[in-house]
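I opened my notebook to record what I looked up in this structure.

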Amino acid sequence: MKDRLLENAHRTPTSKTSNILRTKPPHPPTQQLLTQDIGPYYGLPSKVKTLLGTLRGIKSVYDWQHKCLTLDGVKEGRNLIYSLPTSGGKTLVAEILIFRELLCKKKDAVFVLPFVAIVQEKIQSLAQFAVELGFLVEEYAAGKGRFPPRKRRKRNVLYVCTIEKANTLVNSLVEASRLSELGLIVVDELHMIGEGGRRGSTIETMLTKVMHVSGSTQIIGMSATLSNLPDLQKFLNADVFTDNFRPVALDEFVKVADSVFKVDSATLCPEERLEFHRMIGHQTKEIAKGDTDHIVSLVLEVIPQHSCLIFCPTKKNCENVAKMICKLLPRNFLEQKVKQKISMLEGLCNEGEICQVLRGAIPYGVAYHHSGLTTDERRIIEDGYRNGVLSVITCTSTLAAGVNLPARRVIIRSPHIGRSFMSRSQYKQMIGRAGRAGIDTKGESFLIVSKPQDQVKVVDLIGGPVETCISSLMYDSGKGFRTLLLNLIGLKIITKTSDVLNFFSKTFFSTQISTIQEKKPHLLETASTTEHLLSVNMIRMDESTNDGSFQVTKLGNATFKSSIDYDISNQLYDDLKNGLQGLVLENYLHLLYLVTPYDTMVSPDWMVYLNEINRLEPGELAAATVIGIEECYITMRASGRNPRKKKANQPKIDRFYVTLMLNLLFKGKSVWEVSTRFDQPRGFLQNLLSNAAAFASHILLFTKELDELWAYQSLIEKLIQVLQYCTVAELVPLMEIPGVRMTRAKQLLSSGFKTLAHIATAQPGALCQSIDHLSRKQAAQLIASAKILLEEKVESLQEEVEDL
Ligand SMILES: Nc1ncnc2c1ncn2[C@@H]1O[C@H](COP(=O)(O)OP(=O)(O)OP(=O)(O)O)[C@@H](O)[C@H]1O
């Protein structure tokens with residue numbers, strides 16, 4: 001193996017199998033293909049069809065997909081919104097249109113996705129297409145992304161972005177007068193525009209800007225849960241396509257006490273929505289005692305032949321339900337797929353530790369899945385479920401929104417998410433997971449209603465209309481609008497308040513004003529909004545014109561270019577400026593404090609806080625003192641006293657508590673260890689790292705715009721790199737590959753795959769053999785992701801050389 005790797009590493013650039021280090025533009029076959037073979041598959045080379053078959057098992061498109069792809073509007077490049085039930089196959093249509101943009105129209109494209117983990121998964125799943133078809137894929141998530149992006153001459157680029165990064169990318173392209181390079185923007189989960197917070201407002205701001213500035217960029221939005229399509233259609237001036245297609249039929253049930261009712265969601269009469277179907281009992285007396293809600297009974301009706309997903313209201317409940325099921329399942333479940341279960345447990349054993357609940361549940365083919373688990377743990381569980389080793393997963397609602405894990409039977413343990421009653425849209429997303437295409441002949445959903453007060457509300461939940469998607473621009477008393485205005489003035493799209501109304505008429509909010517009249521706040525009045533931006537030093541009057549024009553201040557410019565929340569930019573500026581007077585650089589603690597997100601608030605456990613302060617090294621203690629953390633205050637709080645006379649800066653103290661967690665992770669302590677020391681979920685700590693890397697990347701852009709903060713640039717650049725990987729230098733190149741985390745990187749390194757080139761030139765079979773718990777499909781995706789990354793680096797260097 002070692003010899004083969006060395007041989008790979010030393011291959012000359014002309015080697016047949018190593019096509020990544022060529023000096024000529026890669027993929028000449030693709031270039032030929034595009035000229036000779038364009039068109040047969042929705043305007044694309046027939047190779048795309050072959051690849052969909054081999055890589056995804058998709059032999060032909062569904063009827064609705066064909067109809068949608070051949071719409072006149074789509075052919076003419078008009079904006080499009082399409083809405084179909086969960087698992088209807090929406091992504092394929094978007095991907096075909098993206099390929100068409102990149103390969104045929106030779107323009108770049110943006111794919112906007114809601115979470116960092118989904119961005120990385122998408123990149124992995126598209127990497128093989130990119131390698132075979134000859135386009136580049138770049139990650140814009142957490143700490144990654146370059147603004148403005150590098151200009152590519154040879155190949156077109158697909159930017160796969162989180163919402164925030166997509167907006168920053170658009171701003172940077174507008175500023176550089178390069179927005180026309182973007183031929184297409186695809187927004188997945190378009191209903192998030194109505195989420196009611198910063199993310200929804202950012203989607204609206206970004207799309208409005210794109211439509212205003214670029215006449216040619218096509219916008220495509222998709223969703224499973226949109227009710228007020230006409231509003232969105234008007235906002236995006238889009239064609240709309242809807243269909244009720246589901247690859248597998250769905251039978252929907254509600255269980256109240258021991259009665260099961262069948263749902264008729266089509267009927268207009270609410271009284272007729274539930275029809276008695278059958279009674280349900282318990283298989284044994286023991287089950288009757290331990291499972292009053294009949295969860296185990298419902299599960300036992302389908303497993304082990306089929307699979308079952310159980311949505312629970314809270315994370316803790318997921319774990320408890322998993323434990324309860326295992327306690328009551330017959331012991332013969334322990335005898336099935338023993339080898340595969342052992343292998344899964346080995347995979348989950350990270351740094352010598354394994355979650356005790358999973359250790360007890362997996363032998364029964366059961367697991368839980370929520371954001372408290374690390375990404376690696378979640379991935380192993382998802383794979384185990386897909387491969388049939390697990391037949392039951394208890395999970396929170398996030399699984400319905402994020403991961404494509406269908407089940408024969410979906411059980412909703414209660415119509416609540418956390419403490420709130422769930423929305424129709426959330427309910428539809430969960431039941432949409434019932435029925436595995438190509439495996440199950442039908443899907444079934446069971447909603448368990450145990451509280452009498454929920455029974456009336458449930459009738460609307462199962463048959464009422466999906467909630468209207470309302471603009472989020474006015475969230476937090478008009479904050480989205482103020483941010484939009486700052487963006488517009490910063491980009492010089494508008495200069496005077498009188499221009500605002502014209503621009504404003506293009507927002508989603510504006511199309512809904514008559515519907516949401518009562519929500520129209522006084523802040524909508526531009527004058528008070530500009531006053532607010534003036535008062536926080538984001539904009540100022542342009543004295544050179546004397547016609548009432550505004551321009552951004554230096555701080556405002558840095559704020560909008562870095563997409564920093566303007567509410568914190570003054571505070572951030574002060575913190576950075578103060579830091580310059582006494583930044584402790586003997587260790588990373590002070591810098592880590594500066595990049596700790598202001599909104600990651602955790603209530604400190606004062607005893608833990610004191611212990612951790614006591615464990616700091618002298619240099620770190622000095623940094624804490626410079627930051628303003630007083631040990632005596634923490635000691636007092638730990639001893640149960642709250643010194644009221646002494647005015648403490650509580651947000652700073654709370655923030656530093658989070659910095660202490662970051663500091664340990666940064667020093668290479670495992671999430672397990674930090675999780676135990678601070679009693680915080682492992683998934684939270686992983687997110688903390690990626691949020692800190694993202695915030696640091698925004699701070700870097702912020703400091704680049706403010707000369708007085710120049711000293712931070714190289715420090716933060718280095719910090720982002722280390723924050724993203726938190727590991728020894730040898731692992732960094734491997735962890736640059738999207739989705740490769742520390743455990744996998746360590747496995748690769750210890751098997752001799754030390755560089756990107758080693759992985760990019762490996763054979764999938766060889767990788768599978770050397771790396772535990774890596775399927776052939778994952779190996780192929782890993783190799784393709786490494787190739788794409790390497791090709792991108794090579795191409796960048798070549799272009800730099802040519803520029804010289
Ligand atoms: N034409 C097709 N033939 C066979 N399988 C398909 C086809 N189109 C899509 N699929 C598969 O169906 C599954 C669900 O598709 P996809 O995730 O695109 O659904 P979706 O509508 O985007 O769902 P969600 O609302 O969950 O995002 C995927 O595994 C996908 O590969």
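**Domains.** Before using any domain, I noted that domain bounds come from an automatic or database domain assignment. I also noted that the model is predicted. For the protein chain, that assignment gives domain 1 (37-242), domain 2 (249-463), domain 3 (475-561) and domain 4 (566-726).

I then looked up the spacing of domain 1 and domain 2. Taken over C-alpha atoms, their centres are 32 Å apart. I checked the contact between them next. Domain 1 puts in 9 residues, and domain 2 puts in 10 residues. I sorted the side of domain 1 that touches domain 2 by class. I found 5 nonpolar and 4 polar residues there, and no charged residues.

**Ligand shell.** I moved on to the ligand. How many residues surround the ligand? I got 16 residues. The closest are Thr-86, Gly-89, Lys-90, Thr-91 and Ala-224. By class, I recorded 7 nonpolar, 7 polar and 2 charged residues around the ligand.

**Helix 9 and helix 20.** Packing came next. Two packed helices are described by the angle between their axes and the distance between the axes, so I looked up both. Helix 9 covers residues 198-213, and helix 20 covers residues 475-490. Their axes come within 10 Å and cross at roughly 30°. Are the two helices roughly parallel or roughly antiparallel to each other? Angles under 35 degrees count as roughly parallel. Helix 9 and helix 20 are therefore roughly parallel. I noted their crossing as right-handed.

I listed the residues that meet. Helix 9 brings Arg-198, Ser-201, Thr-205 and Lys-209. Helix 20 brings Tyr-475, Gly-480, Thr-483, Leu-484 and Asn-487. The residues of this contact split into 2 nonpolar, 5 polar and 2 charged.

**Helix 3 and helix 7.** I took a second pair. Helix 3 (residues 46-56) packs with helix 7 (residues 116-133) at an angle of about 145°. Their axes are 11 Å apart. The crossing of helix 3 and helix 7 is right-handed.

I wrote down this contact too. From helix 3, I have Lys-47, Val-48, Leu-51 and Leu-55. From helix 7, I have Gln-128, Phe-129, Glu-132 and Leu-133. How do the residues of the contact of helix 3 with helix 7 divide by class? I recorded 5 nonpolar, 1 polar and 2 charged.

Terms used:
Residues numbered from 1 in each chain as written. Predicted model: local features only at pLDDT ≥ 70, side-chain atom pairs only at ≥ 80, totals over all residues. Contact = placed C-beta atoms within 7 Å. Nonpolar A, V, L, I, M, F, W, Y, C, P; charged D, E, K, R; others polar. Near = placed C-beta within 6 Å. Axes fitted to C-alpha atoms, helices over the stretch in contact; angles between N-to-C directions. Helix = DSSP H or I, 4+ residues; strand = E, 2+ residues; numbered from the N terminus. Parallel < 35°, antiparallel > 145°, perpendicular 65-115°, else oblique. Left-handed = near helix turned anticlockwise from the far one by under 90°.
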